[in-house]
Amino acid sequence: MASVVEYKGLKAGYYCGYCESREGKTSCGMWAHSMTVQDYQDLIDRGWRRSGKYVYKPVMDQTCCPQYTIRCHPLQFQPSKSHKKVLKKMLKFLAKGEISKGNCEDEPMDSTVEDAVDGDFALINKLDIKCDLKTLSDLKGSIESEEKEKEKSIKKEGSKEFIHPQSIEEKLGSGEPSHPIKVHIGPKPGKGADLSKPPCRKAREMRKERQRLKRMQQASAAASEAQGQPVCLLPKAKSNQPKSLEDLIFQSLPENASHKLEVRVVRSSPPSPQFRATFQESYQVYKRYQMVVHKDPPDKPTVSQVRLVPASFEDPEFNSSFNQSFSLYTKYQVAIHQEAPEICEKSEFTRFLCSSPLEAEHPADGPECGYGSFHQQYWLDGKIIAVGVLDILPYCVSSVYLYYDPDYSFLSLGVYSALREIAFTRQLHEKTSQLSYYYMGFYIHSCPKMRYKGQYRPSDLLCPETYVWVPIEQCLPSLDNSKYCRFNQDPEAEDEGRSKELDRLRVFHRRSAMPYGVYKNHQEDPSEEAGVLEYANLVGQKCSERMLLFRH
C-alpha cells in the first residue's frame, strides 16, 4: 500500500475568503489518488492540509493571510471558564430542557485572566494547614482586627450615609417597612471606595498571608515534634480541585431527563454501512447549515459548495471556472436527463466532506475504530443535529470540518464539538499511547475570526521554515508585529526533514514505480526537474521516498 499523488504546482493571485482579497492567495497543491495515514501525518506536520482528496499547502511568506498549523495537547488540556459554560449549558438543556439566553459562541473564549484569579483563590483552599489551634485563632483575630481598622479609616475619609424616604406607591402592599431606610450610596467614580461591597484585597497581601500561615504551621509542627507531643492537625479544607473535561461532559443525568444525546463515530471512507444508512439525514443537516449559516440560496446551492472551504483548498485553475461550468452542467442534467438539482448538490457535499484519499488501516496496536476518515455524528432524541468530519492518524485526531442544524445553534455546537473531540482524543490515547494530539487545522492571526483556536491550550504553532512546534504563547508577540513569522528562535536551525537526495524520490510512470534517478534518464524535458524538486522540498525526504509521484 503506497500513496499516489499528482503534484499541481504553485498557484498565486486568487481569491482569499479570510481577507476577501481578490488576488492575495498563494498555495501549492496536489491531488491524492490514495494516501496512507502515516504519509498524511507527516504532511500535516509540514503544513499541509486536505479538503476532500485535494491536499494543499499555503506559501506562507507570499500569501495574504498566513495559515499556521495548530495543535492542542489534550492530555494537559483544562477547559476555560467559557468552555465550562458551554458544557453546563448543554447539561441543563439535556436534563431540564432549559434554553440559555444568548449565544455563548459570540462571547470571547479567552477567560484566562478570570481563570487565573480563581486559581489564586483556590490555592488557599488547597493549603494543608497543620498548626496549633490557639496559634491559628490568634492569627485569625489579628487579621480581623487589621481589617476592621482599615474599614474604620476608609469610612472616616470617604463615605456618607444618605436617607431616602420611600414613596407611598413603593410602601403599599410591598411588605417593606414604612420608616425611612438607611442606604449606603457608593461614591462617584474616582471619589473613594464603595462601602456597599467588601473591601478588595490585593494579591500581594494574600500571598503574604499564605506565607505567614505556612511559616507558623512549620514552626508549630517543629516545636511539637521537639517536645515529643503529637502534632495537632486541623481538618483539611475541602479541596477545590477543578473538574476534568470528562467530569463536565459525562455528568449523570436524571432518569426523567428531557433529552438524550448520543455521539457516534462512523467511517466515511470507505463508507461503512452505518454511514450509508445515515447519509441522507446527515446531508439534510449540511444543506440547512449552508443555507442558514452561510446564506446559500435554496436554488443555488452549488455556488457556495466550492466556498465550503476557502478557494485555496482546490486547484485555483479549476476553481476559476468551476462555478460557471458546474452551473452549466447542472442545467444540462436537469433539462436533458431530468436529474433533480439536489443530486448535483449532493455530489459536492460528497466531494468535500465524504471523499478522502486516506486508506483505512486497522493495526493491532491502533485504536479499535482503526485509522482513516470518519464522521462524528451527534444524535439528539434520535435525530442528527451536528456532524464533525475527522481524520484519525497515528499521532493525532485531525479536525476537518463541522456542520450542524441551525435550530440548535443556541447550544454553541462549534465549541461543544471541539471539546468532545478533545475528550475523544484522550479516549483513543488510553488504547494507543502515541496518539496524543488534537489538530485544529490552521490558526490565522491576521484574521480575528480565526483566532479562537488559540484559546484551546496548551497548544503549539508550526514554524513555517524549520517545521518544529513552538508554544503559542511564544509566537503571539511576533505575530502581533508581523503576519508572517519564523517561530524557531535559533537562526542556525534548518529544516531537518528537507529533501536531500532527489534521486531517491519515487515516481509512478507507465504503471511502474521507480526511483526518480532512473526515471529522469528517459526524459528529455530538463524543465521537469524544477517542478519535481519543488515537490520534494515541500513534502520532505521521508514522504518523497514513500509516496509515488504520478508522472504522465
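Select arginine 498 and glutamate 494 to begin: their side chains meet in a salt bridge, 3.2 Å from N to O. A salt bridge here is a side-chain nitrogen of Lys or Arg within 4 Å of a carboxyl oxygen of Asp or Glu. Arginine 498 is partly exposed at 30% relative accessible area, and glutamate 494 is partly exposed at 46%. Buried means under 20% relative accessible area, exposed over 50%, and partly exposed in between (1.4 Å probe, protein chains only).

This is a predicted model, in which local features need pLDDT of at least 70 and side-chain atom pairs count only at pLDDT 80 or more, while totals for chains, interfaces and linings use all residues. Residues are numbered from 1 along each chain as its sequence is written, and side-chain values use heavy atoms, with hydrogens and water left out.

Next, select aspartate 42 and arginine 546, whose closest N and O atoms are 2.5 Å apart in a salt bridge. Aspartate 42 belongs to helix H1 (residues 37-44) and arginine 546 to helix H15 (residues 528-546), so the pair ties together parts that are 504 residues apart in sequence. Helices are DSSP runs (H or I) of at least four residues, numbered from the N terminus. Aspartate 42 is buried at 10% relative accessible area, whereas arginine 546 is partly exposed at 31%.

Now select arginine 457 and glutamate 473, a salt bridge with its closest N and O atoms 3.6 Å apart. Arginine 457 is partly exposed at 24% relative accessibility, as is glutamate 473 at 41%.

Finally, select cysteine 354 and cysteine 396. Cysteine 354 is buried at 5% relative accessible area, and cysteine 396 is buried at 0%.

Conventions:
Helix = DSSP H or I, 4+ residues; strand = E, 2+ residues; numbered from the N terminus.
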